[in-house]
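Here is a short walk through the model, from its domains to its chain contact. Keep the sequence and the structure in view.

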2 protein chains.
Amino acid sequence: MDDRALLASVRAVIGDRDLGDDCAVIHLGDRCLVLTTDMLHATTDFPEDMTDWQRGWMAAAVTLSDIASMGAEPLALLMAAGLDDPGRLEAITRGASDCCLRHGGRLVGGDIDRHDELTLVSTALGEVEPELLVLRSGARPGDLVCVTGTPGRAMAGLDEWKGHRLALLEPQPRVREGRTLARAGASAMMDLSDGLALSLYDLTRVNRCGFRLRPSLPRPAGVPEPWATEYALYGGGDFELIFCISADRFPVEGVKATVIGEVTGEEGTVLFDGALVERRGYEHRWEG
Amino acid sequence: MDDRALLASVRAVIGDRDLGDDCAVIHLGDRCLVLTTDMLHATTDFPEDMTDWQRGWMAAAVTLSDIASMGAEPLALLMAAGLDDPGRLEAITRGASDCCLRHGGRLVGGDIDRHDELTLVSTALGEVEPELLVLRSGARPGDLVCVTGTPGRAMAGLDEWKGHRLALLEPQPRVREGRTLARAGASAMMDLSDGLALSLYDLTRVNRCGFRLRPSLPRPAGVPEPWATEYALYGGGDFELIFCISADRFPVEGVKATVIGEVTGEEGTVLFDGALVERRGYEHRWEG
C-alpha cells in the first residue's frame, strides 16, 4: 500500500473534495484561506549532515511551497517539534523563522514535545484572492506544462553529485513565482515534492488529460545519463512548481521557468521520448 | 529544564508576543483568526487502552480546546499522522472528524508519514470577532476565577478511580462555553490542560495579579482525600476552561461553571486554604 492508496481510506471519512490539492481551501466571506501541514522526521526526511538550522528551514519550506502552489501569500507558520534533545530547538526555530523572513509568513507559535526521533510538523496558513486561487485541476489540452528550476536536483544532491547539495538541504519555496503565475493565469499548479512523474500522474487524476514531455526536459547539470533523466523524472524533494498555462500567456515576466511539454487529450497518459513514463517517485511504502 | 524554560529560548527568536496565549492571533483586515497546533504521541499522551477512534478524537479535542479558550469558533482542522501501522488511520481520522462534527470546525486535510511511534499532530484554525477575543491577560483584582467542569477528573481517570475514565479518554472541548463566555465579557481565559495550579501561575505571568482559591474547590467525585485535592490542583489532561470575570457578570446563562476563587493584587501568589499552592502540574521534563 502506498500513500495514495491510504488516502482513499481517509476520503471515505472526510470526503473527496478536501484532498485533491496541496492545501485545504477555506472560504471566509469574500476571503480565501489555504491551510496545509507536513510531517518530517529524522529517519526519512533529513540527511544526516544537515544542520538543525537547515532542518528548521526545510520544515518551513515544505509547507510554504504548498502555499505557493495555490497562488497564495503565506500569513503564518506554526511548528510542532518532537525533540530528542531540547538543545536543538533554538537552531531549528531560527531556521524556520529565517525561511519565513525570506519567503513570507511569520513563525507565530507551535508546540514542543519529547520524542525519541526528531519530528518536525509545520503548518502554514495563507491567503489568496478568490479569483487568483490555482488548483491542481484546470489544465486544458493544448496548454503548456512548465516547471520552475530543474527537477531532480534534490535527488542528485542526495546522491552527492557536485553542485546540487544545497538544493536538497535548503529548498527555496517558490512563493513569489506562485503569486506571479496565479496573476498570469496559470490553469493548474502543484509543487514537485514527490517528483515530476508522480506529480504529472496526480494531475491526470483531477484533469481529463495526459502529458507529452519534450526531449529537452531540463536535467541536473553535470550529472551523466542515465542518472540525469532518472533524477529529473523520478527524484523527489524538489520544491519547485509545476504548472499548466495557455501558450499565449507564456513566458511570464519575472518567473524563470522552462516549458517541458504539452497537455494532451490522452487521459491518464504521460509520455516522454515516445514511451510511457513510469508511475513512481517519492512515496512512503507501507508493509503489507 | 521544563517546557516553560525551553520556550524562553524560542522567545529569543520569534519574539514574546506570540507565545503568551493558547493560540496565535492573526489579524486579517477586520477579521481575527486564531491558530494552534499540538503534538501527541503514544508513550506520553495516549493511555494504552484507548481506541484509535479515541486517539483521533483526543488529538482534535486538544486543539479545539485552545480555540475555545480564545472565545473563537473553530473553522478547520488538519491532522498530521505518523503511523506505525497504516491500518490505524481510518479509525483515527473518524475520531478526529467526529470531534469536529460535535464541537465545531471541519477536518479538511493533513499529512501521513511512517513513524515507529504513533504521533498525531493536529492544527486548528478558528475565527473570533475582534471585540470578543479573550486572552490570558486581562484579569483584574476583584474578578472571580471560575472553571467549567471539575478539575482533576482526567488524572483521577488515569489512576482508575471509578467514573472518570471517559473524562480522560474523550475530553470535550468547551467550544460553546468559550463563545458564550467571550460574549459575556470574561476578562481572561485559558484551558486547563496542564492542571489548575500551573494554569493559575501562567495567568500570574501575564497579569499583575495573584489568586486565592476557595475551600469549596470542586474535586473529582468519589475520590477520597488527599487524592481528590491533589488531582484538582495538580492533575493535567482536563480540557476545561479557566476564566476570570467580574462578579456582576456571573453566573453566565448557558454555561455550567463554578467559582473557585478570586483574583487578588498579590502578584505571583496562588493561595489555597491559606497556604501557597505549589508550582507543579503536567509538564514534560527534559534531562540536563
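**Domains and chain contact**

In chain A, the C-alpha centres of domain 1 and domain 2 lie 22 Å apart. Domain 1 of chain A covers 14-131, and domain 2 of chain A covers 134-276. These bounds come from an automatic or database domain assignment. This is a predicted model: local features need pLDDT of at least 70, side-chain atom pairs count only at pLDDT 80 or more, and totals for chains, interfaces and linings use all residues. Residues are numbered from 1 along each chain as its sequence is written, while chains are lettered from A and ligands numbered from 1 in the order in which they are written.

Start with the contact inside chain A. Here 23 residues of domain 1 of chain A meet 23 residues of domain 2 of chain A. Contact requires C-beta atoms, placed from the backbone, within 7 Å. On the domain 1 side, helix 3 (52-69) and strand 3 (73-83) of chain A each supply at least two residues. Helices (H or I, at least four residues) and strands (E, at least two) are DSSP runs, numbered from the N terminus. Helix 3 of chain A gives the largest share of that side, 11 residues. By class, the side has 12 nonpolar, 7 polar and 4 charged residues. Ala, Val, Leu, Ile, Met, Phe, Trp, Tyr, Cys and Pro count as nonpolar, Asp, Glu, Lys and Arg as charged, and the others, Gly among them, as polar.

Now turn to the chains. Their contact takes 48 residues from chain A and 48 residues from chain B. Several elements of chain A supply at least two residues each, including helix 1 (3-14), strand 2 (31-41) and helix 4 (89-103). Strand 4 of chain A gives the most to the side of chain A that touches chain B, with 8 residues. That side of chain A divides into 23 nonpolar, 13 polar and 12 charged residues.

Methods:
Contact = placed C-beta atoms within 7 Å.
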